[in-house]
Amino acid sequence: MVGLLVEILAALAASAFVMIVHELLKSVAYVLTGRHCQKGDRVRIFRVSRYVDPIGWLLFLICSAGFSKPYAYRLKEKDTNAAIGLTGFLTLAVLTAASLSMFVFKTRFIVFDDGTDILNLLAYFAVALNSYVALFSISLFIVNLVPTLTSDMALLIMAVSPRQLIRLVRLDAGLKGALLLMIILGVVSSMSGAAMDTLCRLILL
């Protein structure tokens, strides 16, 4: 029972961390490159709780894949769209590489058992947290490859061809429905797990 509680806390903490880092750095890119920002944006972007999508958080816990809540951008420039989209993907790639490297070279050697003493539980939490950060970063990367209006891929598409916005708007509901189904059915988590195993093997080469 205690072990399950630790797993749940680790999953919730890891998913919130990944969502916040992903969206916060995108918001920083927006403020640094956007020419239509308001002065208040420089403060509002640091209200990090806004980046945790409640439904996405629940999906991360249950399905090991979910989505975050982006800042309300005022997007009018191609370069800003590109900067935000690339920042989102790069952030998730760095989180994945860092957490997998930590797992391969450090946390997989941490010893813990079924005991309930505080040091044992902290060791268990550290290992679970690091593993979930890696898994959820990969999952969110995959989710953002689907060009829904709020995804990093959509930002890159609009950076290349702004006229594609109309098409993306038309397809948005269908893409979101298909993506949600893929998450619930475990397709995204299966892809994430396979990618995580492959990357671990590559790091160990």
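Colleague: How are H5 and H8 oriented to each other?

Modeller: H5 and H8 are oblique to each other; angles under 35 degrees count as roughly parallel, over 145 as roughly antiparallel, 65 to 115 as roughly perpendicular, and the rest as oblique. Helix H5 covers residues 118–145 and helix H8 residues 187–204, and they pack at about 120° with axes 9 Å apart. Helices (H or I, at least four residues) are DSSP runs numbered from the N terminus; axes are lines fitted to C-alpha atoms over the stretch in contact, with angles from 0 to 180 degrees between N-to-C directions. This is a predicted model, in which local features need pLDDT of at least 70 and side-chain atom pairs pLDDT 80 or more, whereas totals for chains, interfaces and linings use all residues. Residues are numbered from 1 along each chain as its sequence is written, and side-chain values use heavy atoms, without hydrogens and water.

Colleague: Which residues make the contact of H5 with H8?

Modeller: Contact means heavy atoms within 4.5 Å. H5 contributes residues including Ala 134, Leu 135 and Ile 138, while those from H8 include Val 188, Met 191 and Met 196. By class, this contact holds 10 nonpolar, 4 polar and no charged residues (Ala, Val, Leu, Ile, Met, Phe, Trp, Tyr, Cys and Pro are nonpolar; Asp, Glu, Lys and Arg charged; the others, Gly among them, polar).

Colleague: How are H6 and H7 oriented to each other?

Modeller: Helix H6 (residues 152–160) packs against H7 at about 150°, with the axes 9 Å apart. H6 and H7 are therefore roughly antiparallel. Ala 154, Ile 157 and Met 158 of H6 meet Gln 164, Leu 165 and Leu 168 of H7.

Colleague: Which residues touch the most other members of the largest nonpolar core?

Modeller: A nonpolar core is a set of buried Ala, Val, Leu, Ile, Met, Phe, Trp, Tyr and Cys residues joined through side-chain atoms within 4.5 Å. In the largest one, of 32 residues, they are Val 18, Tyr 132, Phe 136, Ile 183, Val 188 and Met 196. The largest share of this core, 10 residues, comes from H5. Another core, of 12 residues, lies apart from it and includes Leu 24 and Tyr 30.

Colleague: Is Lys 69 buried, partly exposed or exposed?

Modeller: Lys 69 is partly exposed, with a relative accessible area of 35%; buried means under 20%, exposed over 50%, and partly exposed in between (1.4 Å probe, protein chains only). Lys 69 lies in the loop between helix H3 (54–63) and helix H4 (78–105). The residues that Lys 69 touches include Glu 23, Arg 50 and Asp 53, leaving out residues up to four places away in sequence.

Note on methods. Helix = DSSP H or I, 4+ residues; strand = E, 2+ residues; numbered from the N terminus.
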